[in-house]
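Reader: I would like to know what stands behind the terms used for this protein. Please show me the model, and I will ask.

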Amino acid sequence: MARRQRSLASEAADAFFRLGSGAGLVIGLFWALDHPATPNECTGTSSDSLGKCMGDTLWTTTQPYLLGIGGGLLGGALLALAIILAVRLLTRALRRTPGAEVGAADSRPIRPAVISASVAGPRGRSMIARYPGTCSGCRSTIRTGDRITHVGRQNNRCAACG
Ligand SMILES: [Zn+2]
């Protein structure tokens, strides 16, 4: 139960991180669209200078997008990370308070010993094996925790034999 909660929390953090990065990216993209670079006037006569000018234009017009997307992605990711860390520290602090410990105790797994109550039967007592052994009926292996019928010393029968 505790492990499941932890994986759920990490999944939520993962989703939140992606959400933050995505939101940052979108905001950055909109910022870039709102701040378009003024393209150069390419009036060169030689193909060499015209090519260089167009290359420069491509670079200057691409820059806001690179800046917006990169900055937005990084900013969103960092902000999401900061919030995830803050939430983690907060939940850890809350867990230390006495009120939260009651809930933590509730989620503890039930120990197998609790269900090892023995029931008296006609040929023996039905119980949970505390030691590994061998069934006196079919010679199959009895593992610790298996339900067995305890007839006597060195005389345990597996669930199938009863
Ligand atoms: Zn058996």
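Author: The questions below set values against definitions.

Author: This is a predicted model, in which local features need pLDDT of at least 70, side-chain atom pairs count only at pLDDT 80 or more, and totals for chains, interfaces and linings use all residues. Residues are numbered from 1 along each chain as its sequence is written.

Reader: How do you know how many helices and strands the protein chain has?

Author: Helices (H or I, at least four residues) and strands (E, at least two) are DSSP runs, numbered from the N terminus. By that rule the protein chain has three helices and six strands, in the order α-α-α-β-β-β-β-β-β from the N terminus on.

Reader: What makes S5 and S6 a pair?

Author: Two strands pair if DSSP finds at least two bridges between them. S5 (residues 147-152) and S6 (residues 155-158) have four bridges, in the antiparallel sense, so they count as paired. Isoleucine 148, for one, has cysteine 158 in S6 as its bridge partner. Two residues lie between the strands of this hairpin, where glutamine 154 takes a positive phi near 60°.

Reader: Which residues are called "transmembrane region", and how do you know?

Author: The name comes from an unreviewed UniProt entry, which lists residues 12-33 and 65-87. Such annotations may be inferred rather than shown by experiment. In the model, residues 12-33 are 100% helix and 0% strand, with end C-alpha atoms 31 Å apart. Residues 65-87 are also 100% helix and 0% strand, and their end C-alpha atoms lie 32 Å apart.
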